[in-house]
Amino acid sequence: MGKYFGTDGFRGEANKDLTVKHAFMVGRYLGWYYGQDHKARIVIGKDTRRSSYMFEDALSAGLTASGADAYLLHVTTTPSVAFCVRLDGFDCGIMISASHNPYYDNGIKVIGATGQKIDAEIESRIEDYIDGKSGEIPLATGDRIGRTVDYVSGRNRYIGYLISIATRSFKNYRVGIDCSNGSASSIAKSVFDALGAKTYVINNDPDGTNINRGCGSTHIEELQRYVLEEKLDLGFAYDGDADRCIAVDGRGRIVDGDKILFICGKYLKETGRLANNTIVTTVMSNIGLYKALDNIGISYEQTQVGDKYVCENMMANGNCLGGEQSGHIIFSKHATTGDGILTSLMIMETVIETKRSLADLADEVRIYPQLLKNVKVSDKQAAMENEAVKAAIEQAKAELGSDGRILVRASGTEPLIRVMTEAESDEICAKYVYDVIAVMRRENLIVE
C-alpha cells in the first residue's frame, strides 16, 4: 500500500482526501512519464458522481500541460477504459470512480497499456511527485502542448464488442437491470435491447448524488423486490463503475460472485473451455464454493483479496476464469478486468445453452453461514503475531475441521483486524469469531 494509492487506485472523499490539485498532479506526471520519447495518448473515463466532472477537467489539464493528448470517453465503465486502452494502443487509461462508495467519495484508477492496473512502482513515483520528492516536471510549450479529444466513439465500440460476445439471442427473456445510477446507465440497456431481451431497468437516472444510494450491487434488495414484482426471469445489479455484477434469480434470491464462479466455471468445463480446469478465487470465497467445486472435479487457487491479485494469478498461470465474492468476475478470454455487464452476458449464455433457470443452476452451491467482525487495534502487526491469538486461531481451525474455516487478516487500509468464520450454523460462526476477539481483548490489543 502506498501513501495515496491502495489496491484500487487513489481513493477518498472528493476535495478532502482527493483534491483537484492531486488530480492535476497525477495528470502532470502521467503525461510526462509516458511522453518522454513520444507524444503520449491517454484515455479518460468517468462515472456519474458530481465530482467526476471536475476531476476529469483537472486530469485533462495536467496531461495536456505535460504534452499528452487526453481522449475523453465521458461517462463510461471501468472495463470499457481497459478495453479502449488495449484496442487503440493508448499509453494508459484513467478511470475516475470510487466504485461502490457513496457519491461524495471519488477515485483515480490508472490502467496500463495491457489493460491491467499499473505497477506499484509507477504509483510510488506519482506519490513522490505529489509530495515534492522528485523535482519539477517541465511544462510543454508551443505545439508540444497537448489537446483534449472527444472519444465517445470508443464507448460505442465497446458496446458493439459486448454485443458481439453473445452467442444467442435473448429473445423472450425478461431481464431486470439495476444500473446503480452509475456508469452502467450509459451502456447496459443498449446491450440487452440489442440482444433481444425484454429489458426492465431501474436506477438508471443519475443526478450526480444518487450513485449507489440504496441501489446496485451493494443494495441488492432493491433488485430482488423488482424481479419478484415484475415476474422477471432474472436480474443483474452493477456497482458505480460497473466492474461488479451480482445476480438475482427468478425466485428473488441472490446469486453472488461465488455462485457465479461456480455456474460459469461448470459450464466452461462442460464445453471444454475451462483452462487448466481451474478457477481463481480470493481467500474470502465461501467454503460452500470449494465444496461444490470439489464435487464436480474443478480445481481452484486462492489469492489475496482484490481483483488485481486474481488477475495477476490468471495472467501468470493461463487461467481463464476468476473473481471475488463481491462480484468482480474476470473472463480473461474477453477482458483484463472485472466487467459486470460481460458477466451478465456469460450468465445469460449459460442459462440459454443449458436450458436451465438461474435458480436451478445456483441451487448446486450451498453457501455456508458467514460472520465477519472488524476489530480496531493499536498495532496490526503485533495483533497478527501475538502467540495467544495465533493459538486461538489454530484451535478454531482444528475444531472446525473440514466443516468450516476461520480467516483472520489485517486490513490493508485501516487499523483493523478482520475476523471471519464460516461454519454449519450462525451459532458456530459466532462462537469462534468471539473466542478469538476475546483473546485479543485479554492481550490488550484492542482499541475500545
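A salt bridge here is a side-chain nitrogen of Lys or Arg within 4 Å of a carboxyl oxygen of Asp or Glu. With that in hand, welcome to some close-ups of this predicted model.

**View 1. E364 and R356 meet in a salt bridge.** The closest N and O atoms of this pair are 2.9 Å apart. E364 is partly exposed, at a relative accessible area of 30%, and R356 is partly exposed too, at 29%. Across the structure there are 28 salt bridges.

View 2. K266 counts as buried because its relative accessibility is 18%, under the 20% limit; E270, at 53%, counts as exposed.

**View 3. K390 pairs with E387 in a salt bridge.** Their closest N and O atoms lie 3.3 Å apart. Both belong to helix α14 (residues 387-400), where a spacing of three residues separates them by about one helical turn. K390 is partly exposed, at 35%, while E387 is exposed, at 57%. Elsewhere, shared partners link D249, R251, R253, D360 and D363 into one salt-bridge network.

**View 4. Strand β2 pairs with β1 and with β6.** Strands β1 (residues 5-6) and β2 (residues 9-13) run antiparallel, paired over two bridges, and a hairpin of two residues joins β1 to β2. F5 has F10 of β2 as its bridge partner.

Note on methods
Residues are numbered from 1 along each chain as its sequence is written. This is a predicted model: local features need pLDDT of at least 70, side-chain atom pairs count only at pLDDT 80 or more; totals for chains, interfaces and linings use all residues. Side-chain values use heavy atoms; hydrogens and water are left out. Two strands pair if DSSP finds at least two bridges between them. Helices (H or I, at least four residues) and strands (E, at least two) are DSSP runs, numbered from the N terminus. Buried means under 20% relative accessible area, exposed over 50%, partly exposed in between (1.4 Å probe, protein chains only).
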